[in-house]
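Student: Before we go through this structure, could you set each value against its definition, and show how the conclusion follows?

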Amino acid sequence: MIPFALYERVLSELGDYLLHIELHNWGEPLLNKNIYDMIRLASTRGISTVVSTNFSMPFDASRATELVSSGLATLGVSIDGARQETYEKYRVRGNLERALNNVRLVTEAKRTLGSKTPNVIWEFHVFEHNRDEVELARATAKQLGMQISVDKGWVAGPEWDPGAGFKFFADPVPERCDYLWSRAVINNDGGVAACCGAFYKEDDYGSVADRSFKDVWNNESFRQARSLYRTREKAPESAKRLICYDCLQTVMWERYRQHLAQGLGKASFVPGFTTNDGFNYFFNRRPSRVTEVSPRRTV
């Protein structure tokens, strides 16, 4: 629920440099009453936009027309099951038929307006309880004119399918975290997070609520986080308190540099953790003062 004035100000500062905006992270983006104007402002600047929604909410033909005419490039629809009884195990209190009907409304609006966008993608997170419905979901998506993306779902604790049956959307690779250099996360209260997994306000590296993005992006916290990819073992205590310090991506990069220093090649390097382990780092993360604060509200 980012204030529209704040969104306008940030977009005014960054608009000439942005390639892509993801208008979602914590919460349901289509509940924001300004979402269509937010998309339109970005689209008129030539910035690609994507919205990920559960789409199990009241929606109608007029909203579908607004969504399509806003210039949205990609609409991801999270539907984790092809039958109601399976779907609602993860999308609690969700209504599968409502979600599918909302997709039909968007498809009809695209046809009426003669628009090729948004590209509508069925996002199917696979778990033990819905793994047998993947093919049914593929068939249904084809009938609706949707693409489909099937990825193994993250879970708290050990991953549910450690074998090769299903794959996560991405596997760990020994590279610098691109969030610290080329991707930014701005929350609805103006807080600038280290990455999309950093949830608590105490882990933010600054805020654009009262200053420019440039000032935050180049502040001490971001500089220290980036310096961890140069040397982690000599990091000052202030850097060790950052969420990036113990992030598995940062730790892996340190191990990878040690691996190369031994004269070994990239092909022989083993990350040592899975995507699910990375999720659990953030899931279990608690700032030192968590008993005194509340998590950031979503919607």
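**From values to terms**

Tutor: Not counting residues up to four places away in sequence, L23 touches Y7, P29, I35, M38, I39, T49, V50 and V51, where contact means heavy atoms within 4.5 Å. This is a predicted model, in which local features need pLDDT of at least 70 and side-chain atom pairs count only at pLDDT 80 or more, while totals for chains, interfaces and linings use all residues. Residues are numbered from 1 along each chain as its sequence is written, and side-chain values use heavy atoms, with hydrogens and water left out.

Student: Why does L23 count as buried?

Tutor: Buried means under 20% relative accessible area, exposed over 50%, and partly exposed in between (1.4 Å probe, protein chains only); L23 has 11% relative accessibility and therefore counts as buried.

Student: What makes C195 buried, and what makes C196 partly exposed?

Tutor: The relative accessible area of C195 is 11%, so C195 is buried, whereas C196 has a relative accessible area of 34% and is therefore partly exposed.
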